[in-house]
Amino acid sequence: MAEHVILFAGPMGAGKTTAISSLSEIETVRTEAANTERDIADKATTTVALDYGEITLDLDDKVRLYGTPGQRRFDFMWTILKERARGLILLVNNDAHDPIAEVLAYLDDFADLHERGGIVVGVSRSDVAPGPSRAEYSAAITAARPDLVVPVYTVDPRDADQMRTVLMTLIAGIESRDAVMQPVRL
Amino acid sequence: MRPPAHRDPHIVGIAHTALRDLAIRCEPMVYAALITDDGFEVAHTSEGVTQGDRFASMSSSVQALSEAVTRELHLGSNRYVVIASDDGHVIQLRVPGVQLVLAAMFDARGTLGSTLSLMRSAVELIGLAVRSVHDADAGFAPSVQPGGMVTGPFGESLRPERASGMASVD
């Protein structure tokens, strides 16, 4: 059985905990604390260490899902959780102050996961804030990080099917990469 | 509505008083901070020992992880967290009844029993004082002066009994 470790990162309020809950087939492990930054994200709790969930994609693929805290003051957890990860689902809420800048900043922090497997961006809350569009995200990413190939999707983290599509895209990319990287036996 | 604890002058005053008191009574204590559940520092003791913000964030994560493990393993309520190392130890305790955590680092001179006892005494004091601030908001009589002194309706001190500093770990 192949095992993948996939990380969920992005700013507070992007929907990381919700996405992992939607996807996980086990009860998720959460480390939520009362949120004192209600002016930044109006939600009662926030993740301060990690979220954890699991999903079996088919008979051969088990995926361990780890969510990071969104706030930069917890970046030591990003480092810890990055160590075993092969891929990243970067979630950003479209109603953030400057969501494209958020995505670019997180890409800088997690760019090594692109080298190791792949990165996919999921834009949440586009029903609340219709812009920026996916095309604008893609253009900004290409301009800032021409070295990265990062698909952009709009997602609802509460929707398991949508999140599964994003996850499958990432896993397919990682497996293709593994296949290409394998030495050819003559 | 009260501001968050780390921006509330009354709570910050209580924290400073309690930490100062703890530092005086516990020489092996290198650093201590009162933090919010989501990793903001309300107050700390020594300057320059460690990066205060980072200590607060790490303590918050460790507290949440330990409580998650306790919950997952159905071990009841988490009492305290100890990180024991060659050159010292860290203890974390939740302040009863409020969303705050006291975290402190001790050098190798500190024994776990005595430091834990002092920490327990400190969180009781902090909890009592912070709850009295909340009670005062709700119209109850106990009140807290900005310096952290807690008084009841007749001006009596509500400080809990001090620990001897010699106690066993239970």
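Guide: This is a predicted model. By nonpolar core I mean a set of buried Ala, Val, Leu, Ile, Met, Phe, Trp, Tyr and Cys residues joined through side-chain atoms within 4.5 Å.

Visitor: OK, which residues touch the most other members in the largest nonpolar core?

Guide: Those are A:Leu7, A:Leu88, A:Val103, A:Leu107, A:Phe110 and A:Val121, in a core of 36 residues. The largest share, 6 residues, comes from H3(A).

Visitor: And what is A:Leu7 in contact with, leaving aside its neighbours within four places in sequence?

Guide: Its contacts include A:Tyr66, A:Leu81, A:Leu88, A:Ile89, A:Phe110 and A:Leu113, and also A:Thr68 and A:Lys82.

Visitor: What other core lies apart from that one?

Guide: There is another core of 32 residues, with B:Ala18, B:Val42, B:Leu125 and B:Val130 among them.

Visitor: Switching to pockets, how much space lies in the largest one?

Guide: The largest pocket holds about 840 Å³, and of its 38 lining residues the closest to the centre are A:Met12, A:Gly13, A:Ala14, A:Gly15 and A:Asn93. Helix H1 (16–23), strand S3 (45–47) and helix H3 (99–116) of chain A each give two or more residues to that lining, which divides into 11 nonpolar, 14 polar and 13 charged residues.

Visitor: Which residues lie nearest the centre of the second largest pocket?

Guide: They are A:Thr36, B:Pro3, B:Pro4, B:Ala5 and B:Gln99, out of 22 lining residues, and the volume of this pocket is about 520 Å³.

Methods
Residues numbered from 1 in each chain as written. Chains lettered and ligands numbered in written order. Predicted model: local features only at pLDDT ≥ 70, side-chain atom pairs only at ≥ 80, totals over all residues. Heavy atoms only, no water. 1 Å grid on protein atoms, 1.4 Å probe; cavity = no way out; pocket = protein on both sides within 12 Å on 5 of 7 lines; lining within 4 Å. Points joined across faces, edges and corners; volume = space filled by probe spheres on them. Helix = DSSP H or I, 4+ residues; strand = E, 2+ residues; numbered from the N terminus. Nonpolar A, V, L, I, M, F, W, Y, C, P; charged D, E, K, R; others polar. Buried < 20%, exposed > 50% of the residue type's maximum accessible area, 1.4 Å probe, protein only. Contact = heavy atoms within 4.5 Å.
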